[in-house]
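Please read these notes with the structure open beside you. Take the points in order and find each residue as you go.

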Amino acid sequence: LLQMGSRAAELLKARGDKVSVAETSAGGLISAALLAVPGASSYFAGGAITYSKRAIRGLAGISIDEMAARDIRSSSEPYAVWLAEAVRAKHGDRVLWGLSETGAAGPGGNRYGDPSGHTCIAVVGPVNRVRTLRTGSDDRVANMWAFADAALALLVEALEAAPAKR
């Protein structure tokens, strides 16, 4: 996790870019891995753990009513993209990248029928990526770590694919 956080930090610093993070089932591990790298204030704009309806509304500005109107549910790729866009927008024009994770760590699945170990991750910015991960595990802690590692890997993938700045 720290290795992926360090690689993402290195790429963000080299580009002079900032990222903001919204995570649910990873519980802050994504943000912690990014913040563990010295100089984090140069590339980390902020993070939110949007674990509850109230947190989603207050921290990301997304209401359950809006989700229903758009026919989008949590723990889905469309929601992950929306959440990444929302957390990026909360930080204004100075933040180029948004990263989100939304899933079911376990034990047991979520109310949408997704099993433990299911998460959707999105990166929005100059390069957009979205991915679903299913670990097949009911181990909550192991899933949280896997979700955070996958989110950071997706961020690194997007950063490496982004066109060079002029």
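1. Start with glutamate 157 and arginine 131. They form a salt bridge, with the closest N and O atoms 3.0 Å apart. A salt bridge here is a side-chain nitrogen of Lys or Arg within 4 Å of a carboxyl oxygen of Asp or Glu. The pair links distant parts of the chain: glutamate 157 is in helix H6, arginine 131 is in strand E5, and they are 26 residues apart. Helices (H or I, at least four residues) and strands (E, at least two) are DSSP runs, numbered from the N terminus.

2. A word on the source. This is a predicted model, where local features need pLDDT of at least 70, side-chain atom pairs count only at pLDDT 80 or more, and totals for chains, interfaces and linings use all residues. Residues are numbered from 1 along each chain as its sequence is written, and side-chain values use heavy atoms, with hydrogens and water left out.

3. How many salt bridges does the structure hold? It holds nine. One of them joins arginine 7 to glutamate 160, with the closest N and O atoms 2.9 Å apart. Arginine 7 lies in helix H1 (residues 2-15) and glutamate 160 in helix H6 (residues 140-161), so this pair ties together parts 153 residues apart in sequence. Arginine 7 is partly exposed at 27%. Glutamate 160 is partly exposed at 47%.

4. Now look at arginine 134 and aspartate 114. Their salt bridge has its closest N and O atoms 3.4 Å apart. Arginine 134 lies in strand E5 (residues 129-134), and aspartate 114 in the loop between strand E3 (97-104) and strand E4 (118-124), so the pair ties together parts 20 residues apart in sequence. Aspartate 114 has 5% relative accessibility and counts as buried.

5. Turn to helix H3 (residues 53-60). Ala55, Ile56 and Ala60 are buried there. Seen down the axis of H3, its buried residues fall within an arc of 105°, so they line one face of the helix. That arc is taken from the directions from the helix axis to the C-beta atoms. The face turned away from the buried side carries the exposed residues Arg54 and Gly58.

6. What do the buried residues of H3 pack against? They pack against strand E2 (44-49) and helix H5 (77-89). Contact means heavy atoms within 4.5 Å. After H3 comes glycine 61, whose phi is positive, near 75°.

7. Glycine 28 sits in the loop between strand E1 (19-23) and helix H2 (29-35). Glycine 28 counts as buried, at 18% relative accessibility. It touches Glu23 and Ile49, not counting residues up to four places away in sequence. Glycine 28 and arginine 111 are 83 residues apart in sequence and 22 Å apart in space, C-alpha to C-alpha.

Definitions and conventions
Buried < 20%, exposed > 50% of the residue type's maximum accessible area, 1.4 Å probe, protein only.
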